[in-house]
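Me: I have a structure open here and would like to talk through how it is put together. Could you walk me through it?

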Amino acid sequence: MEIRQIAPFLFEIPRSHRADMRVPARFYADEALAAAARADRSLEQLINTATLPGVVGHVLAMPDMHQGYGFPIGGVVATEPPEGVISPGGVGYDINCGVRLLAGRMTAREVSDHLEALASALFSDCPSGVGRGGDLRLSGAELDRVMGEGARWAVRRGLGSAEDLEHTEEGGCLEGADPGEVSDRARSRGRDQMGTLGAGNHFIEVDRVERIEDEALARRFGLFPDQIVVQIHCGSRGLGHQVCTDAVNRLQQAARAYGYRLPDRELVCAPVESPEGRAYLAAMKAAANYAFANRQVLAHRIRGSFERVLGPAGIPFQLFQLYDIAHNIAKMETHEIEGRRRTLCVHRKGATRAFGPGAPELPAAFRDLGQPVLVPGSMGTSSWVLVGTAEAMRQTFGSSCHGAGRMLSRHQAKRNVQGAGLRRALEENGIRVRAGSLAGLAEEAPAAYKDVDRVVDIVHGAGIARRVARLVPLAVIKG
Amino acid sequence: MSPPGRSRPPAFEEVDHTADRALVVRGRSLEELFRNAACGMNRLLGFRPEPRGERQTRRIDLEAIDPESLLVSWLSELAYFAETESLGFERFEFERFSPTALSAVGFGRKAAEMEKAVKAVTYHNLAIRREGGQYSATIVFDV
């Protein structure tokens with residue numbers, strides 16, 4: 001495979017590599033991560049996305065890239081109507097999986113005696129694990145409102161504030177969602193899962209701000225050393241999974257009808273502006289709104305846990321929301337290509353929006369700075385708050401990495417790591433662990449992931465996001 | 001029947017996939033492949049039935065554009081019952097089976113435990129192959 005380095009941390013596979021490529025494929029890496037990318041099928045999957053009809057510029061993979069199904073995880077692909085397509089596989093099954101970061105006014109030192117109680121309270125207040133529904137069973141009409149209004153639905157019920165919405169990508173609601181495009185199957189999967197975490201790699205983590213890298217930005221973000229912050233990582237649960245399943249299935253036929261020759265059936269797609277494309281986009285937005293609402297309800301529950309545990313001790317328990325971002329989504333956005341502003345359908349699958357200063361989509365508080373970019377690391381390691389840059393707008397359709405990126409399969413991780421031993425090791429490092437399943441814990445062992453600090457070094461070095469603060473975990477809650 | 005002196009390959013086995021879980025599934029007929037795929041997914045789910053659980057039946061009718069789509073729909077249907085009803089199936093009776101349509105009754109029980117959730121069954125590089133009288137497919141699951 002011909003791979004050439006075109007800038008520090010940036011590699012390109014030229015269009016000439018394969019006859020069906022419409023644009024070059026680029027990926028961010030250092031030598032070691034480039035070698036890791038060659039070791040699995042992520043580059044082949046990236047090249048496959050360069051064959052999609054209407055793809056523009058270049059397809060991209062972030063340094064946390066790894067093999068997925070269809071698109072690689074860490075992939076960013078932009079297409080332009082009218083030829084441009086939307087591909088449900090380019091969003092993934094967990095539609096609007098994302099991260100929300102809440103930050104407190106209290107320090108780790110102040111809460112250290114209460115961390116055990118806090119971890120237990122969070123585990124009991126935030127339902128998690130396989131088959132765990134929540135106590136919010138939604139009627140059909142209420143579910144429609146969730147899908148139409150997103151996090152606004154939760155705030156209207158008193159489960160959050162207008163500031164939370166202001167500090168959420170898209171204000172916590174994608175306009176144009178159509179619950180009528182969501183199947184009965186998807187509805188029944190979503191009905192009792194509102195306000196639940198699920199299983200797999202989803203988590204709630206209580207962190208401490210270990211290091212500030214950019215003092216001025218950190219101050220503007222409201223971050224300070226030793227501060228307590230909380231990350232929520234989850235998505236649209238079974239409702240989103242079913243929306244994607246339905247669409248991938250339906251588009252198998254549509255892709256044939258449009259005469260597309262695709263290298264992988266998971267890449268099925270339809271023109272964004274076709275009836276099939278519009279129907280998927282409207283259903284995807286409904287699922288994305290469900291995810292925004294889900295993280296909003298979880299944030300409310302977390303705030304309740306903090307109040308119950310810290311309030312009686314006289315410790316300030318309030319948590320404000322720094323930001324909430326999606327990392328599995330497709331959105332219509334305007335970007336400049338070859339000197340011209342063009343409306344594109346930007347797929348981010350395991351990649352985060354990282355808009356730089358001046359983007360009109362950003363809330364007033366961040367518009368002159370760029371948006372907060374939240375990068376959770378693997379369990380028990382560090383996580384990062386970064387800021388989006390003008391360079392990201394030029395290079396990556398305003399995108400950056402979304403996490404550490406898997407290195408070992410879940411199967412391998414479970415073979416190599418015992419859940420009980422891992423829990424012991426984490427606890428010996430002062431990290432409280434509450435997990436529904438020890439086997440699930442083992443699958444998410446830090447050894448199964450790349451080093452998130454290295455991933456962040458690359459995006460920082462390439463200029464597509466800049467370091468603001470490093471977080472380290474104090475308590476992990478998992479399904 | 002497997003040839004004498006040579007053991008038959010397993011009905012299903014897990015193979016490594018970086019992001020998710022993948023199974024190689026085999027069968028001497030398409031119908032057997034579908035049964036074995038269901039068993040394999042039960043293993044992935046870590047399905048353990050309630051020992052004295054009441055036996056339950058569900059009817060499954062599916063149509064698809066080709067055998068691969070039918071396989072994805074089949075497993076998606078079973079994953080749906082696992083998630084929404086905590087129901088796993090131990091036996092199936094096929095009333096109708098063709099490469100693009102099936103009607104089946106699944107006999108199952110509520111789970112005492114489901115260790116994992118299957119978010120979705122993917123089409124990633126999915127192709128049902130027939131070689132030497134044996135069908136096989138590699139199925140990638142999003143978990």
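Reply: One term first, since the helix angles rest on it: axes are lines fitted to C-alpha atoms, for helices over the stretch in contact, and angles run from 0 to 180 degrees between N-to-C directions. Please also keep in mind that this is a predicted model.

Me: OK, then at what angle do α5 and α11 of chain A cross?

Reply: Helix α5 (residues 140-149) of chain A and helix α11 (residues 275-310) of chain A cross at roughly 95 degrees, and their axes come within 6 Å. Angles of 65 to 115 degrees count as roughly perpendicular, and α5(A) and α11(A) are therefore roughly perpendicular to each other.

Me: Which residues make that contact?

Reply: On the α5(A) side they are Val146(A), Met147(A), Gly148(A) and Glu149(A), while α11(A) contributes Ala286(A), Asn289(A), Tyr290(A) and Ala293(A). Sorted by class, the residues of this contact are 5 nonpolar, 2 polar and 1 charged.

Me: And how does α10 pack with α11 in chain A?

Reply: Helix α10 (residues 237-257) of chain A packs with α11(A) at an angle of about 170 degrees, the axes being 9 Å apart. Angles over 145 degrees count as roughly antiparallel, so that is how α10(A) and α11(A) are described. The residues that meet include Leu239(A), Val243(A), Ala247(A) and Leu251(A) from α10(A), and Tyr280(A), Ala283(A), Ala287(A) and Tyr290(A) from α11(A). By class, the residues of the contact of α10(A) with α11(A) divide into 11 nonpolar, 2 polar and 3 charged.

Me: Switching to the sheet in chain A, what is the strand order?

Reply: The order is β1-β2-β3-β4-β5-β13-β12, with 7 strands in an open sheet of mixed pairing. The edges are taken by β1 (4-7) and β12 (328-337) of chain A, each with a single partner strand, so one side of each has no neighbour in the sheet. Averaged over the sheet and with direction ignored, neighbouring strands are turned by 45 degrees against each other.

Me: In which sense does β1 pair with β2 there?

Reply: β1(A) and strand β2 (residues 10-13) of chain A pair in the antiparallel sense, over 3 bridges. Within that stretch, Arg4(A) stands opposite Glu12(A) of β2(A). On the sheet itself packs helix α2 (residues 42-49) of chain A, which touches β2, β3 (25-28), β4 (59-69) and β5 (71-79) of chain A, and the direction of this helix makes about 110 degrees with that of β4(A).

Me: Now chain B, how many helices and strands does it have?

Reply: Chain B has 2 helices and 9 strands, and from the N terminus they run β-β-α-β-β-α-β-β-β-β-β.

Me: What radius of gyration does chain B have, and what would a compact globule have?

Reply: Chain B has 15 Å, which agrees with the value near 15 Å for a compact globule of 143 residues. Its C-alpha trace spans about 40 × 35 × 35 Å along the principal axes, and 45% of the residues of chain B count as buried. Of the contacts in chain B with a separation of 6 or more, 64% are between residues 24 or more positions apart.

Me: How many residues of chain B are in contact with chain A?

Reply: There are 30 residues of chain B in contact with 34 residues of chain A. On the chain B side, α2 (67-85) and β9 (134-142) each supply at least two residues, and α2(B) gives the most, with 7 residues. By class, that side of chain B has 11 nonpolar, 10 polar and 9 charged residues.

Key
Residues numbered from 1 in each chain as written. Chains lettered and ligands numbered in written order. Predicted model: local features only at pLDDT ≥ 70, side-chain atom pairs only at ≥ 80, totals over all residues. Helix = DSSP H or I, 4+ residues; strand = E, 2+ residues; numbered from the N terminus. Parallel < 35°, antiparallel > 145°, perpendicular 65-115°, else oblique. Contact = placed C-beta atoms within 7 Å. Nonpolar A, V, L, I, M, F, W, Y, C, P; charged D, E, K, R; others polar. Rg over C-alpha atoms; globule rule 2.2 N^0.38 Å. Buried ≥ 20, exposed ≤ 12 C-beta atoms within 10 Å, placed from the backbone. Pairing = 2+ DSSP bridges.
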